[in-house]
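Please review the structure shown below together with its sequence. The briefing that follows is arranged by topic.

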Amino acid sequence: MAMTLQGSVLTNGNTAPNFVPLKLEQSSKDSSDVFLNEASNGFGDCDKNELNNGDVIEEVKETPSEEPVIDITINNVVCSFSVKSHLNLKQIAQNGYNVEYRRENGMVTMRLRKPYTTASIWSSGKVTCTGATSEEEAKQAARRITRSVSKLGYPRLRLVNYRVVNVLGTCTMPFAIKITPFSAKHRDIASYEPELHPGVTYRLKEPKATLKIFSTGSITVTADRTRGNVSGAFPS
C-alpha cells in the first residue's frame, strides 16, 4: 500500500523550528493498479533470455564434427624418356655443367636446380629423371635436360617416349596403427617382417600401389605412373 507524507516546518524568529503534525494519506491507487500500469509501460517485462543479474543466456548451436582430412604429400616423381640419339658420355662430362661421369655405372648424372632434379643419362640416349615433386615438374625437367644435352654438340635431339614410371607419396594418420593385428587380419595382401623392416608392406591391386605402414601412423605410398593412383590408395 502506497503512503504519502504531507507537512511543513514553521519558524518563529530565533526559536527552534516548530513542526506541524504530519498527515498521512492513503494513495487512491491500489498496488495492483500500480503493477498493471508498470506492466503497460514496459517496466514489468522481462526477457526470457535475461537473468536478474543482467546476464544473457546464449543459445549454443552444436556443430557437426568435421572428419579429419588426409593430406598426401608427393615427394618424388620418377620419369623416363629417350633423346633418340647415341651420346658420347665423356664429351658431355667434359663440356657440361653440374655433370658427373660414373664410369663404373656407364652413365652420366646431370643435376638441375630448378626444378631440383637429377637425371641419369646413358650412352644409348635413355634418360631417367628423379626428384620432381609433381608431374608438371618432371615434364619440365625432361625438357630442360634435353635442351642442355643438345647444346653440347647434339642439335637434333628430340624428347620421345616420355612416361612417368612411379610416384612416391607420404601421409600421416591422426592415430597410431597396431601393425601386428593389422598384418594378421590382412595376410593375403600384407606382410610384416620385423627383423627386416619395421613397417607392414601392403600391396593393392587396384589401383596398383604399394604401401609401407608404420606403427606411428606414417604411410609411404609408391604407385605407378600418376598421382591419381596415390590418392586412390586412400578411399574417401
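**The largest cavity**

Phe81, Val83, Leu87, Ile121, Val127, Ile145, Thr146 and Val149 line the largest cavity. (A cavity is a set of points on a 1 Å grid over the protein atoms alone where a 1.4 Å probe fits but cannot get out, and lining residues have an atom within 4 Å of a point.) This is a predicted model, in which local features need pLDDT of at least 70 and side-chain atom pairs count only at pLDDT 80 or more, while totals for chains, interfaces and linings use all residues. Residues are numbered from 1 along each chain as its sequence is written, and side-chain values use heavy atoms, with hydrogens and water left out.

**Cavity volume and lining**

- The structure holds one cavity of 30 Å³ or more.
- The largest cavity contains about 30 Å³ of space, where a volume is the space filled by probe spheres set on the grid points, joined across faces, edges and corners.

- Val127 is located in strand β9 (residues 126-132).
- With a relative accessible area of 1%, Val127 is buried (buried means under 20% relative accessible area, exposed over 50%, and partly exposed in between, with a 1.4 Å probe and protein chains only).
- Apart from neighbours within four places in sequence, Val127 is in contact with Cys79, Ser80, Phe81, Val83, Ala119, Ser120, Ile121 and Ile145, contact meaning heavy atoms within 4.5 Å.
- Between Val127 and Leu159, 32 residues apart in sequence, the C-alpha to C-alpha distance is 9.8 Å.

**The chain as a whole**

- The protein chain has five helices and 14 strands, and 27% of its 236 residues count as buried.
- Of the contacts in the protein chain with a separation of 6 or more, 52% come from residues 24 or more positions apart.
- The protein chain has an accessible surface of about 17,100 Å², 50% of which belongs to carbon and sulfur atoms (Shrake-Rupley method with a 1.4 Å probe).

**Aromatic pair**

- One aromatic pair is found in a search of the whole structure.
- Phe182 and Tyr202 form this pair, which is tilted, at 5.6 Å centre to centre and 40° between the planes (rings of Phe, Tyr and Trp, the last by its six-membered ring, pair if their centres lie within 6.5 Å; planes under 30 degrees apart count as stacked, over 60 as edge-to-face and the rest as tilted).
- Because Phe182 lies in helix α4 (residues 179-185) and Tyr202 in strand β12 (residues 200-204), the pair ties together parts that are 20 residues apart in sequence.
- Phe182 is partly exposed at 23% relative accessible area, whereas Tyr202 counts as buried at 14%.

**Backbone features**

- Most residues other than glycine have a negative phi, and most peptide bonds are trans.
- Lys114 and Pro115 are joined by a cis peptide bond with omega about -5°, and Pro115 is found in the loop between β7 (107-112) and β8 (117-122).
- A cis peptide bond, with omega about -5°, also joins Glu206 and Pro207; Pro207 lies in the loop between β12 and β13 (209-213).
- Lys84 has a positive phi near 60° and counts as exposed at 57% relative accessibility.
- Asn161, in strand β10 (residues 160-172), has a positive phi near 55° and is exposed, with a relative accessible area of 63%.

Terms used
Helices (H or I, at least four residues) and strands (E, at least two) are DSSP runs, numbered from the N terminus. On a 1 Å grid over the protein atoms alone, a cavity is a set of points where a 1.4 Å probe fits but cannot get out, and a pocket is an open set with protein on both sides within 12 Å along at least five of seven lines; lining residues have an atom within 4 Å of a point.
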